[in-house]
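Okay, thanks everyone for coming. Have a look at the structure on the screen, and I'll walk you through a few spots in it.

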Amino acid sequence: MKSLVKNVIAKTVKLAVLSAIAVAPINSAFSQKAKTTSLLWKIEGNGLQKPSYLFGTHHTLCEGDYNMPQKVKDAMNSTEQSYLEINLAAPNLAEETKKYIANAQPLSTMVSKEDAHYVDSLLQVKLKTNLKKVENLKPLVILNALLQSSLPCKIASIESEVIKAAKASDKEIKGLSSIEEQYSFLDKIFRPKDFVPYLKMWSDEELKKLMAKLKAAYLTEDVEKIDELMETFYTADPEAYRNLLPIRNHLWADRMPAIAKEKPTFFAVGSGHLQGKEGLVELLQAKGFKVTPVFN
């Protein structure tokens, strides 16, 4: 149990995995030509003495799929601090995370006996554990561990690269949300009753195909398409979509101006948070900032 919790914390210490995996239905295809967008945006004006930057990350890329572009390195070098969704460099991160991943009710009491047996069998095959040992973890945490076990590679961490660069330059690393706040959205986005149906939705082969589509979208920096697909995917559950993206976007957009005015800042969040009517780009523009894409 302890080893599984440690592994889960290391890999899924934020909500981003669900954001990435639920970006598109299996049958969606990236057939349209990528729009002229960017993963990196420059924030200027409205009282800022120096520009800050907003960068979209991806949480399920394989190692070797992505090299940090020079434009992103330049943006980090030109700023004085970095903000992630939460402070992944905090020394007490694992300890604090444990407080918020426990479920109030054992999962086995929230699903049918048949579904409990299905989950138990899956856990034994994929994670070499059983339901009894992990049933007090929130369903989304278990789901993330199961889904990551299906991926064909070791996951790369773009956030780790941001942290590494910041530390090398002796710059502060902070979080737009506290760990408590970030995890408060777990049950709002993913309800226990959806756990087993969601598991059954993805076969290993389907998951690999989806990851390939997501990678293609990210590497072409087509963040508008990512936002479009996420919104379409959540049509049947608009409240989950609002908790996944818009509500957190508004929280962060309200905090970013003061942060950027204090010091030029490199903000790095999941790429799904950038675009859309309630994406960070438009929310910051509505606050009077000039937010423009940075191209190679």
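So, N46: it's partly exposed, with a relative accessible area of 34%. By that I mean between the two cut-offs, where buried is under 20% relative accessible area and exposed is over 50%, with a 1.4 Å probe and protein chains only. Before I go on, this is a predicted model, where local features need pLDDT of at least 70 and side-chain atom pairs count only at pLDDT 80 or more, while totals for chains, interfaces and linings use all residues. Residues are numbered from 1 along each chain as its sequence is written, and side-chain values use heavy atoms, with hydrogens and water left out.

Back to N46, which sits in the loop between β1 and β2. Helices (H or I, at least four residues) and strands (E, at least two) are DSSP runs numbered from the N terminus. The phi of N46 is near 55 degrees, a positive value in a residue other than glycine. E221 has a positive phi too, near 60 degrees, and lies in the loop between α12 and α13. Is E221 buried or exposed? E221 is buried, at a relative accessible area of 12%.

Now the sheet. Six strands make an open sheet, ordered β4-β3-β5-β2-β1-β6, with mixed pairing; two strands pair if DSSP finds at least two bridges between them. At the edges are β4 and β6, each pairing on one side only. Inside, β3 and β5 pair in the parallel sense over three bridges, and Y83 stands opposite F267 in β5.

Helix α15 packs on this sheet, touching β1, β2, β3 and β5. Touching, or contact, means heavy atoms within 4.5 Å. How far apart are the end C-alpha atoms of α15? They're 25 Å apart, which agrees with the 24 Å that its 17 residues should span at 1.5 Å a residue, since the expected span is 1.5 Å times one less than the number of residues. α15 also bends by about 30 degrees at M256, with a proline, P257, following within four residues. That bend is the angle between axes fitted to the seven residues ending there and the seven starting there.

M256 is buried, and is among the residues touching the most other members in the largest nonpolar core, which has 75 residues. Such a core is a set of buried Ala, Val, Leu, Ile, Met, Phe, Trp, Tyr and Cys residues joined through side-chain atoms within 4.5 Å. Helix α7 gives the most to this core, six residues.

Technical notes: Axes are lines fitted to C-alpha atoms, for helices over the stretch in contact, and angles run from 0 to 180 degrees between N-to-C directions.
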